[in-house]
Every structure is written in C-alpha cells, then in structure tokens.
Protein chains: 2
Amino acid sequence: MSSAAAVGALHRKAATLGKFVVRMTASAGAGHPSSALSLAHLTAHLMYRQMRWDPGNPWHPTADRLVLSEGHAVPIIYAALADLGATVGRSREQSVALHAADLDQLRALDSVLDGHPNPAEGVPFFDAATGSLGQGLSVAAGLALAARLDGSPRRVFAIVGDGESREGQVWEAVDFIVDHKLNHVCAVFNCNGQGQAGLVSQQQSAERLSAKLEAFGWKVTTIDGHDPGAIEQAFARVGESERPLAVVARTVKGWGAEQLRKGNWHGKPPKKDDLPAIERSIDQTVAPYAAAEELPRPRVPAEPRSAPQRGDPRGLAWPPFADAMSAAGFGAAVAANALGTRKAYGAALRAAGAILPQLVVLDADVSNSTFSELFAAAYPQRFFECKIGEQNMASVAVGLSAGGLIPVCNTFAKFWSRALDQIELAAISRANIKLVGSHAGITPHSDGPSQMGLCDVAFFRSLSTVPADDRESPLGWFFQPSDAVSAFHCTRLMLEARGLCYMRTHRPDAPLLYAPDTRFEAGGFHVRGAGEHLALVASGYMVHVAAAAADLLGRHGVRATLIDAYSLPIRSAALTHAVVRAGGKAVVVEDNYGGGLGAAVAEIAAASGKFRACCASVRRIPKSTVREDEILTYCGLSAQQIADDCLGLLERKGAE
Amino acid sequence: MSSAAAVGALHRKAATLGKFVVRMTASAGAGHPSSALSLAHLTAHLMYRQMRWDPGNPWHPTADRLVLSEGHAVPIIYAALADLGATVGRSREQSVALHAADLDQLRALDSVLDGHPNPAEGVPFFDAATGSLGQGLSVAAGLALAARLDGSPRRVFAIVGDGESREGQVWEAVDFIVDHKLNHVCAVFNCNGQGQAGLVSQQQSAERLSAKLEAFGWKVTTIDGHDPGAIEQAFARVGESERPLAVVARTVKGWGAEQLRKGNWHGKPPKKDDLPAIERSIDQTVAPYAAAEELPRPRVPAEPRSAPQRGDPRGLAWPPFADAMSAAGFGAAVAANALGTRKAYGAALRAAGAILPQLVVLDADVSNSTFSELFAAAYPQRFFECKIGEQNMASVAVGLSAGGLIPVCNTFAKFWSRALDQIELAAISRANIKLVGSHAGITPHSDGPSQMGLCDVAFFRSLSTVPADDRESPLGWFFQPSDAVSAFHCTRLMLEARGLCYMRTHRPDAPLLYAPDTRFEAGGFHVRGAGEHLALVASGYMVHVAAAAADLLGRHGVRATLIDAYSLPIRSAALTHAVVRAGGKAVVVEDNYGGGLGAAVAEIAAASGKFRACCASVRRIPKSTVREDEILTYCGLSAQQIADDCLGLLERKGAE
C-alpha cells in the first residue's frame with residue numbers, strides 16, 4: 001500500500017463494516033459479532049481491493065470467489081455486500097441490490113441474510129453453505145478445479161478460523177490443493193486465538209499453523225490481520241507462486257469494540273443500548289489514521305475466453321447397454337450372464353463421459369474397486385484422485401457443482417458415513433452432486449464389518465423424505481440397482497436428476513435380470529412375477545436372494561410377487577397398488593441395518609392401512625466369512641430365512 | 001541392537017511371520033499380504049522386543065497396547081500371535097492359545113481371526129475394531145488417557161499407513177496427543193509408498209510426513225523399516241521425551257516376496273501353487289543374516305500400582321432431581337418452570353460425576369452450549385477438551401471405553417454426522433460410549449440449517465434396530481427427553497446401559513412436564529392424557545408442540561392421547577396397546593427429517609396391522625428465523641399444522 005491515505009481508507013472501511021456488524025447482530029439479537037470484527041480488515045481488503053469481481057453480477061463466470069469457511073463470521077461479509085449495494089436474490093429474475101437497511105433483517109424469516117452463508121436463501125456471492133466447520137477450503141478447491149477446466153482466470157479465496165483448522169478435513173484439503181497444483185487458491189487463516197468455550201489450542205496458534213502449512217508444502221505469509229500495509233503485501237502475489245499461498249493473520253476477536261473483547265465473547269450480540277458506546281469505540285480505534293477517500297472499486301474480471309462446455313444431462317444419446325458394456329471390456333461378462341453392478345456402473349460412467357462434457361469423477365484411492373477407473377482411463381483430465389480423504393472429496397464436489405460441473409464421487413458405501421455432515425451441507429447448498437457407494441451392505445463378507453455400509457440407507461432415505469425446493473423431486477434420490485442393466489440405467493437417472501443422488505453398488509458379480517431396454521425411472525420399481533399370496537420387496541443384491549426365497553416359497557405352494565424397489569422415495573400409490581394386488585402383505589428385505597427400504601414401505605403401509613409389511617434387515621453385527629451364503633445366513637437373510645419370514649407373516653409353518 | 005545375532009534374529013522372525021502371512025492369505029483366498037509384509041520387521045520388533053506384555057494374558061491392566069490403524073495389514077499381527085501362542089477368545093472363560101494351524105482359518109465364519117482387527121470376535125490383543133482408516137491413533141490416545149487416569153505405566157503404540165495418513169482425523173489425533181501431553185503414545189507411520197489404486201501421494205511421503213509431524217510438535221525419527229538396528233534405536237526412548245514420538249518408517253510393500261512386489265499388489269492373496277516360490281523368496285531375503293537363537297521374550301509388564309476405581313453404574317445413589325439441579329445452579333429455573341434439557345443434562349452429568357468414578361466427559365469446544373461445562377468445572381481431571389475435531393473425539397472415546405472408563409462425548413447434534421463412520425466402528429468394537437447431541441432438530445432456528453441435526457435420528461434409529469450380542473438390549477439406545485426431569489433420568493439410563501447410547505438435547509428452555517420421581521426406562525414411553533380419538537406420538541421438544549396441538553384438537557371435540565416416546569427402540573407391544581386404546585390411529589411428530597420416530601412407529605403398525613400411523617417430519621430444508629414459532633410453521637410443524645394433520649387422518653375438516 002503506497003500511501004497513508006490508502007492505509008487510512010482500509011482502516012475506515014474496516015470501521016464502517018464493523019459498525020454494520022454490531023448493529024445488525026444487535027438488531028437480530030443473535031450472531032457472532034466478535035468473530036466478524038476480527039475479519040474487518042481482511043474482508044475490506046479482499047472485497048474492495050483484492051478480488052476481481054462485480055458486485056452487480058455475482059454470477060460472473062470468471063470473477064474471483066470467496067468461501068467463508070468459518071461461516072458464523074458472515075455478518076462482516078453481509079456488511080460489505082450492503083455497503084457495495086451488491087446483488088442478492090434467489091435467482092437472476094428476483095435479484096435486487098442489498099441496502100444497509102436490509103442488514104437489520106439478519107436471520108429473519110423473509111431475509112436473504114441467513115445466520116450462516118446460505119446461497120440458496122439468496123446470497124449468490126456464496127457458492128456453498130458453510131457453518132459446519134472445516135469444509136470451506138475443500139469447496140474452494142472444487143471451485144478452483146472447475147475454473148481450471150473452464151480455462152477461467154478465476155482465483156478462489158477461503159477464510160478459515162484458527163479453532164476451525166483443528167478439523168482434519170482442513171488438512172485433507174491442504175493436501176489436495178498441493179496434489180492438484182491449485183495455486184489459484186489462497187487460504188486465509190484467521191487467528192484470533194479464541195474459540196467458543198475457551199482459548200484456541202496452541203496447536204492452532206499462528207506460529208504452529210504457519211509451520212504446519214509450510215510442512216504441507218504451502219507458501220506461507222504470517223501477518224498482523226489489522227495492518228493494511230501487511231495485508232496488501234501478503235496478497236500481492238496470489239496465484240503467482242509455484243505453491244498455493246496461505247496468509248496466516250493474527251487478529252483480534254472483537255476488533256475495535258472494546259466492549260466485545262472482555263472475557264471470551266463468542267456468539268453473543270451486543271445489546272442495542274450499548275451500540276452508541278461500541279460504535280464510538282470502533283471510531284476511536286481508526287481515528288489516528290488519515291481520513292481518506294473511498295477505496296478504489298474492485299477491478300472488473302477478465303471476460304471468459306470461451307463459454308464452458310455444458311449440456312443438458314437429460315435426453316442425451318446414450319449408447320445401448322450392450323455397446324457400453326463391450327466398450328468397457330465387459331462383453332464376455334454380459335455373455336456369461338455374470339456382471340456386478342459396480343462394473344456396469346463403471347461402464348455406464350465411461351459411456352456418459354463421451355456425451356456429457358460437464359461430467360467429472362472423483363475417487364478416494366479405490367477406483368479399481370468402485371470401477372470409476374473406467375472413466376479415469378478414458379477421461380483422465382476429468383478424473384480427480386482425492387486419495388483417502390472422503391470428507392474433502394464430498395466438499396470438493398460441492399465446489400465443482402457450484403462451478404457448473406456434475407461431479408460423481410466414489411468410495412465404499414461404508415466410508416461415506418464419515419462425510420455425512422459434508423453431504424448435509426451439500427444438500428443445504430442445493431449442490432448437484434452424485435455419490436456412489438460400492439461394496440454396499442454385507443457383500444464384502446470376507447473383509448468383515450469395518451468395510452460394510454450398513455447405516456447408509458437409513459441416512460440417505462432420511463434425505464429422500466424431504467421434498468426439494470420445487471416440491472416435485474426429493475432433496476436426495478436413492479438408487480440401488482440389482483443387476484448390470486439396472487445399474488446402467490440408474491447411472492443415467494442419477495446424472496439426469498438435478499440435485500443430490502446416492503447410488504449403492506455391490507461387490508459380487510450377478511446374473512442379469514432385465515432386458516437391456518427396460519424402462520427405469522427415479523422413484524420407480526419393477527414387479528417381477530404375479531404371485532397373489534404376498535409381495536417380497538427388495539433392492540440391490542437382495543433382489544437375487546429374494547428371488548431364491550420366492551422359489552422356495554413356490555415349493556410350498558406360496559406364490560410371491562417380487563418387487564425390485566431400485567429407487568427411493570418410492571411412489572406410494574403405485575406401490576400400494578402392487579402390494580395389494582399381491583395379496584396385501586409384504587416382506588421387505590434389505591442387506592443393511594433397519595430404517596431403509598423397510599421403513600419406507602412400512603410408512604406407506606401404516607399411513608394407508610391398506611397392506612401389512614414386515615422388515616427383514618441385518619439384525620446383528622456381521623463378521624468375516626469365507627463364503628457369501630455364510631454371511632447371509634449369519635445375518636438372517638438367506639433365502640431360507642426370508643422364506644420362513646414370509647410364512648410367518650402368512651401364519652403358515654416354517655418352510656422346512 | 002548390540003549384535004549380529006540379534007540383527008539376524010529379527011530378520012529371521014520377520015521372515016517367519018511373513019511366511020505365515022502369505023500362507024494364511026492364500027488359504028483364505030483373501031486379505032492384504034503385501035501390506036502385512038511391509039510391517040514384518042516393525043511387528044517383530046514391537047511384539048517380541050519392545051512391548052511389555054504377556055501373550056498369555058491379553059487383559060493385563062498395565063501391559064503395553066498396540067493399535068493397528070491400518071487394519072487390513074492384520075495378518076502380520078495374527079502371525080505373531082500364533083507364533084507366540086497368544087491367548088484368544090471372546091471372554092476369559094472361552095480363551096485358548098492361538099496356534100499356527102489356526103491361521104488357515106483366517107476370515108472363516110467360526111474363526112476369531114476376522115478380516116480386520118475385531119476384538120469382539122475374539123482377539124483381545126486389540127482394543128478396538130479398525131479397518132475403516134484413520135481412526136487408530138485416536139483410539140491409542142484414548143487408551144493412553146485411561147492409563148494416565150489409572151496411574152498405569154502402560155505405553156500405547158499405533159501403526160498408521162502412509163496413504164491412511166491422508167485422513168484428516170489422523171491430524172486431529174496428532175494435535176490432541178500434543179494438547180494432552182500423551183507422550184506415552186508412540187505412532188509408527190508405515191511408508192510403503194503404495195495405496196490401493198496407485199502410488200501414495202507425495203504429500204504422504206516419508207519426508208513430507210516427517211516434516212508435518214515435526215511441525216505438529218512431535219519428536220520424529222525416520223528410519224528404514226526393515227533395518228533391525230535402526231528400528232531398535234528409534235524405539236529406544238519411547239515415552240521418555242518431552243514430546244510424543246513418531247517413527248516414520250520407509251518400508252517395502254510385499255517385503256521379501258518378490259512375487260508380490262510386481263506392479264501395485266494390493267488386497268490380493270497369493271495363489272496356493274505359488275507359495276513354495278514365495279516362501280523361498282522370503283527365506284532368501286534373510287539368508288545373508290546370521291541364523292540366531294529365538295528373540296528374547298517380551299518383558300513382563302509392571303504390576304498396577306492400585307486397582308483403578310470402577311463401580312457398577314447401575315443402582316447408584318443418585319441425588320434427587322431437585323438437589324442435582326440446585327447444585328448446578330438451576331434451582332431458580334426449576335422454580336420458574338423453565339429449564340432446557342441440555343441444562344438439566346449438564347446438571348445430571350455433574351451429579352453422576354460424584355458417584356461414578358469411571359465417568360469421563362469429552363467436548364469439542366462447545367461445553368458452554370452443551371452444558372458439559374458443569375461437569376468440567378467440578379471434575380476437571382476427568383474432562384477432556386477435544387477442540388473442534390469430532391471424529392477424533394468419537395475414537396478417543398472408544399479407547400477410553402477399552403480402558404474401562406465410561407466416556408460421554410458432547411457436541412451439537414449436527415456435528416455428529418461427520419463422525420458416524422467412527423461411531424459405527426465403536427459399535428463393532430462393542431464400545432461403551434455415550435454421545436450427546438445438543439441443539440438438536442430445528443431448535444437452533446436463528447443459526448439456520450448448518451447447525452441443525454436433522455438426519456441424526458434416522459442414523460441412530462438404524463443402529464437401534466440391531467440387537468446387541470446379548471440379544472436383549474439393542475446395539476444402540478436412543479434417548480430424547482422432553483423436559484428437565486426426563487433429561488435427568490435419561491442421563492441416568494444412558495450411563496446405566498451397557499454399550500452405545502445417543503441422547504438428543506434441545507436449545508430452548510421449556511416447562512417441566514414430569515414429577516421429579518417419575519419412572520423412566522430404556523425403551524419406555526409415557527402416555528399423557530386418555531383421549532380416545534387418536535394418539536399423538538412425539539419426543540423431545542416436539543412433545544410440547546404436540547401438547548399444544550392436542551389442546552387445539554380439544555377445541556374441535558377431538559380427544560388426543562399424547563405419547564412421549566423418549567427412548568428407542570420403543571417397546572412394540574406396549575406401544576401398540578397404547579395406540580389402539582387411543583383410537584387406533586397415530587400421528588407421529590418429529591423435528592428432524594423422516595426415518596426416525598415416525599419410521600419406528602410405522603414399522604410396528606405395518607407389521608401388526610393393528611393401528612394406522614402417519615408421520616409429520618421436517619419436509620423442507622430449514623432456514624434462519626428470528627422466532628421459534630416461525631421455524632415450526634416454516635417446517636410444517638406448528639401446533640396448528642399438526643392438529644390439521646390429525647384431522648386429516650381422522651378425515652375431518654381443517655382445524656380452523
């Protein structure tokens with residue numbers, strides 16, 4: 001910063017924003033003013049001097065972006081947006097300029113200014129919801145990857161709290177950014193030294209963080225986060241280094257407001273009566289600096305070199321099933337009638353790569369198990385190896401989605417359960433991401449329970465009970481194909497659907513159940529057979545076991561209809577019709593702990609009272625077994641045990 | 001290591017273990033021999049020379065412990081256990097010595113040798129299930145904390161894979177160990193350079209890991225993991241430094257077995273026909289070293305200084321409710337009839353501290369929100385601040401439980417969803433841990449959806465559908481108290497129950513609904529009122545809203561029974577009886593996404609066909625609101641909306 005006037009201008013701007021912060025949180029009676037104040041100068045620098053963006057067009061395709069990972073500090077950003085008259089609104093059509101008076105509506109029902117960054121409520125300055133900590137740097141990485149794919153000069157800034165940087169995901173992101181040479185990401189660590197319940201650990205001090213970041217391979221600058229000159233200098237070479245840049249800033253929680261610096265002031269608004277004194281305190285803090293003209297407006301971003309490639313994922317010219325499988329090397333497996341859902345999924349993904357330019361695929365070091373490797377081999381520039389860091393992978397996908405891409409993330413079904421917080425934030429962000437969990441249920445029988453996805457269905461089924469904003473589709477679609485053909489079609493459905501989707505695939509090879517051109521629909525199911533005694537409802541691998549159970553029942557004169565419920569939320573009326581037609585009794589079979597398909601069917605049955613339904617799920621912790629039939633029997637899910645369950649519901653004797 | 005003979009002895013032992021590894025994985029037709037072989041020397045050193053333990057008594061209270069975080073390498077440990085004739089078995093009564101011949105049963109249904117470390121299946125050498133990566137160092141930290149509390153000289157070793165160390169949780173644990181000065185933890189990083197799908201990132205190279213660990217404040221020694229002398233020297237001063245010790249070992253994946261070193265050999269057993277050649281290769285690798293006598297037996301551990309304090313958590317002399325609340329400073333709140341469940345829970349925890357010596361409490365920097373701070377103030381030596389690292393907190397608790405303590409972990413309900421993988425592993429470990437999620441559901445209305453636990457009930461309800469090993473209790477109990485009295489009693493039930501428990505508490509203060517001495521039981525519920533038209537089933541905060549709905553219904557002549565279902569799994573027969581008595585129709589209300597209490601009730605209804613049940617849950621993504629009533633209405637859960645749902649089920653007109 002060249003002049004005293006410029007220094008003064010940044011101080012004055014910090015004070016202006018700070019006063020907005022205390023006023024709006026006092027007005028809301030909630031919020032985190034002290035955290036926000038610690039970012040006063042950094043925000044002023046980033047949003048007024050550093051970032052190449054246009055407040056009037058927050059959707060500009062090549063503008064720099066800012067991810068506020070420590071989401072509770074959001075009032076400082078809102079202050080700047082209002083001061084700049086930035087555009088807000090849920091869509092371009094509804095957009096308006098934010099005014100200072102709007103800040104009083106912080107956290108109000110009808111306000112776009114949610115308690116934490118929440119683009120879906122109408123602040124398009126943000127790309128993703130944050131507030132559950134540790135996720136923002138990963139989002140920034142995803143935005144940066146998308147920018148690189150699009151040839152955009154966009155830079156991405158992320159602000160991370162010091163206490164927040166205890167979250168392991170932050171370090172997954174730090175590694176990922178180095179691996180992928182995302183030197184156009186700049187991370188700002190806000191070291192105000194105070195957490196919620198006490199002081200931040202010395203493990204997260206500015207010194208320690210700097211040493212850590214250096215050791216992780218970043219270029220690090222440690223500064224006083226309230227010194228305009230130091231700030232200017234620190235950010236001068238963003239994106240120009242061989243390494244990503246981290247700015248570690250020592251800051252003061254409650255900067256400027258003496259009253260908010262007593263004790264550990266966190267998450268507490270000032271009282272309205274105290275506002276005059278607090279504002280005086282802020283004014284006095286900057287009084288020594290030269291009064292200066294307004295800061296120069298941010299530079300307009302460069303125009304995009306070319307429009308990024310995006311197509312409508314619906315109505316694409318998919319190759320026929322057989323061609324897609326052959327192209328992936330599975331022609332012989334199809335001919336032999338033995339192809340696992342994970343393999344057919346990989347082949348489908350590869351086929352989609354050719355027709356959907358915005359499709360990108362991520363994996364966490366298991367691409368040779370999930371079969372995402374088929375896509376990676378064909379489209380290496382659109383495949384991102386995340387290594388063993390599932391939380392980062394999920395949040396990177398949110399950033400990629402915000403960049404207009406359609407990311408498909410892959411790992412074992414089991415390991416998604418460490419990233420469900422991130423997935424919930426993706427849902428709040430209305431991110432268009434697709435998650436695939438392979439080796440689902442008890443099929444990795446040899447490896448044992450630490451590798452088995454057993455609660456995943458309950459979790460994703462929970463998301464599927466919530467309608468999306470359009471009230472027509474759900475917040476999350478769930479798919480569980482039973483054979484190669486359905487895996488192929490469910491992959492297509494997943495890519496066509498807007499929003500969060502989760503698909504389970506299974507380890508074993510299995511026979512094909514469907515003709516290649518069978519019609520599949522999100523929320524649909526297939527009825528197999530026309531037994532009139534009861535319905536067996538299953539999905540995924542259990543469809544094969546349920547079919548064997550139906551055969552056993554047939555030997556006892558019981559005619560069962562098999563319903564392959566490959567997608568949730570399932571259509572209630574149609575399912576009720578099918579079960580009633582099959583005798584009004586259903587046994588639902590699932591290779592996971594309870595609360596998945598069984599709960600979905602039971603809720604329909606209980607609400608209408610039109611049929612009965614019993615659930616057979618995994619009712620003990622599995623262990624390793626050498627053979628597949630052993631694990632099924634161990635968990636009470638062999639064909640024989642299912643048949644016995646059916647006879648029990650029918651109040652007949654055991655099948656033996 | 002002083003002599004060539006000793007060097008030779010370690011090489012020979014590595015070879016012996018290595019040959020067991022290839023044989024057992026060939027026999028099982030599964031497993032990860034190449035990963036196991038990379039640990040041949042390190043395992044031989046730790047288990048034969050370094051660790052003070054007794055193979056004949058794996059339950060010895062002061063013996064050193066080993067956590068194999070990269071669980072897929074477990075065959076090398078099994079090899080050593082068999083070679084040493086170590087004791088295995090699900091209990092002391094069933095224990096036997098493991099023999100070399102038993103190794104052929106790796107992964108078999110009836111074998112104790114599960115595919116990944118799994119103490120519950122009968123290998124008490126391990127303290128926790130591992131295999132889902134990144135969790136073992138946290139478990140080791142928990143074991144070390146327990147040892148310190150007990151005054152035990154126990155040291156704890158943890159082996160972490162290089163690829164595995166990408167998991168952020170590893171770095172949460174690294175920080176935690178420094179924060180708590182757990183210098184009797186020794187971490188071994190196994191840098192064989194190969195992951196599953198490809199090479200390990202350079203971010204996890206031995207050099208980079210060493211630099212990172214140094215930057216995190218550890219003492220680091222980098223060695224050749226197949227050099228007996230270097231290994232001996234590296235471990236010579238474990239626990240004697242001012243800093244925890246990390247040994248970063250460069251190793252060879254498939255060490256000794258030339259045949260398993262071609263390409264990237266991961267997770268693939270050798271063919272039986274190839275065994276002779278592979279064993280020859282291993283023998284030849286160690287041929288240059290002096291044949292030596294057997295390694296000296298491990299030293300016997302020191303005796304415990306005194307028996308650790310443990311009491312039966314059942315039948316304790318709890319203070320009366322009013323006394324517990326007063327002691328915590330809530331006497332006035334009780335008198336004013338306004339006390340939140342989170343506060344009453346904190347008071348109960350504090351009361352338990354006085355009567356349950358093995359109770360320990362953990363929090364993730366929100367103890368002033370969860371009210372675990374009440375325990376922390378009274379029992380600071382049994383309170384462990386984990387800072388903002390929930391995954392580490394969950395796995396530390398598993399280690400504490402293995403050390404005989406009863407850990408209660410606290411954070412917002414929302415943030416548990418990033419540690420569900422760890423919680424599943426805790427369940428597999430049969431760990432006796434208690435999790436409390438505050439600010440559950442939509443009650444943190446001002447903060448918005450990023451702070452709201454909305455899928456937590458579906459997840460934990462899924463665990464509650466699985467019976468524990470005793471087939472009498474569930475794998476996980478779920479509690480959701482509605483008022484201060486029930487929070488007090490549910491805290492007691494949670495501490496009395498053996499195994500995993502999850503309790504939800506809520507943000508707002510609320511009136512007391514129960515007399516102080518009301519009886520509460522795990523799996524129980526309370527019936528309030530005796531309406532005969534329908535039952536309203538709710539729990540937690542929604543009990544209050546449902547009560548208001550019942551009042552509204554009363555004005556329309558509809559008499560509702562209110563069922564406070566504070567615990568899952570709920571008793572089916574009793575619930576059915578209660579709902580049938582209340583008219584055979586139930587509306588279930590929950591302040592979370594679907595799949596929780598509603599699914600539990602619906603499954604009971606659908607199975608028996610004896611009553612109908614409809615579920616009212618959060619059916620859109622919430623946002624910030626200033627007032628509590630606004631968020632209820634926004635989510636369709638106001639008293640009025642619930643009353644309308646009830647009238648709908650009764651096929652009457654709207655309540656207005």
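Chain B and chain A bury about 8,900 Å² between them, and 50% of that is on carbon and sulfur atoms. On the chain B side, Arg166(B), Arg418(B) and Ile621(B) lose the most area to chain A, together 9% of what that side buries. Keep in mind that this is a predicted model.

**Where the chains meet**

- The contact draws on 116 residues from chain B and 116 residues from chain A.
- Why quote an area at all? The size of an interface is often given as the accessible area lost when the parts come together.
- There are 85 residue pairs in polar contact between chain B and chain A, counting pairs with both residues at pLDDT 80 or more.
- Helix 21 of chain B (residues 597-608) gives the most to the side of chain B that touches chain A, putting in 8 residues.
- Sorted by class, that side of chain B has 46 nonpolar, 40 polar and 30 charged residues.

**Salt bridges**

- Side chains of opposite charge can pair when their charged atoms come close.
- Over all chains, the whole structure has 64 salt bridges, and 16 salt bridges are found across the interface of chain B and chain A.
- One that crosses between the chains pairs Lys414(B) with Asp421(A), with the closest N and O atoms 2.2 Å apart.
- Within chain A, Glu390(A) forms a salt bridge with Arg418(A), and here the closest N and O atoms are 3.7 Å apart.
- Glu390(A) sits in helix 15 (residues 390-402) of chain A, while Arg418(A) is in the loop between strand 10 (406-412) and helix 16 (420-428) of chain A, so the pair ties together parts that are 28 residues apart in sequence.

**The 7-strand sheet of chain B**

- This is an open sheet with mixed pairing, and its strands run in the order 9-8-10-11-13-12-17.
- Strand 9 (383-385) and strand 17 (567-568) of chain B are at the edges with a single partner strand each, so one side of each has no neighbour in the sheet.
- Strand 8 (residues 359-363) and strand 9 of chain B run parallel and are joined by 3 bridges.
- At that pairing, Asp363(B) stands opposite Glu385(B) in strand 9 of chain B.
- Helix 18 (residues 484-496) of chain B lies across strand 8, strand 10 (406-412), strand 11 (434-438), strand 12 (476-479) and strand 13 (500-504) of chain B, at about 165° to strand 13 of chain B.

**The 5-strand sheet of chain B**

- This open sheet has parallel pairing and the strand order 1-4-5-7-6.
- The edges belong to strand 1 (65-68) and strand 6 (219-224) of chain B, each with a single partner strand, so one side of each is left without a neighbour in the sheet.
- On average, neighbouring strands of this sheet are turned by 20° against each other, direction ignored.
- Strand 4 (residues 156-161) and strand 5 (residues 185-191) of chain B pair in the parallel sense over 6 bridges.
- Val160(B) stands opposite Phe189(B) in strand 5 of chain B.
- Helix 7 (residues 206-215) of chain B lies across strand 5, strand 6 and strand 7 (245-250) of chain B, running at about 175° to strand 7 of chain B.

**Backbone spots to look up**

- In chain A, a cis peptide bond joins Leu568(A) and Pro569(A), with omega about -5°.
- Pro569(A) is in the loop between strand 17 (567-568) and helix 20 (572-581) of chain A.
- In chain B, the peptide bond from Leu568(B) to Pro569(B) is cis, with omega near 0°.
- Pro569(B) lies in the loop between strand 17 and helix 20 (572-581) of chain B.
- Arg471(A) is not a glycine, yet has a positive phi of about 60°.
- You'll find Arg471(A) in the loop between helix 17 (456-464) and strand 12 (476-479) of chain A.

Note on methods. Residues numbered from 1 in each chain as written. Chains lettered and ligands numbered in written order. Predicted model: local features only at pLDDT ≥ 70, side-chain atom pairs only at ≥ 80, totals over all residues. Heavy atoms only, no water. Contact = heavy atoms within 4.5 Å. Buried area = accessible area lost by both parts, 1.4 Å probe. Salt bridge = Lys/Arg side-chain N within 4 Å of Asp/Glu carboxyl O. Polar contact = N/O pair within 3.5 Å; in protein donor to acceptor, adjacent residues only side chain to side chain. Helix = DSSP H or I, 4+ residues; strand = E, 2+ residues; numbered from the N terminus. Nonpolar A, V, L, I, M, F, W, Y, C, P; charged D, E, K, R; others polar. Pairing = 2+ DSSP bridges. Axes fitted to C-alpha atoms, helices over the stretch in contact; angles between N-to-C directions.
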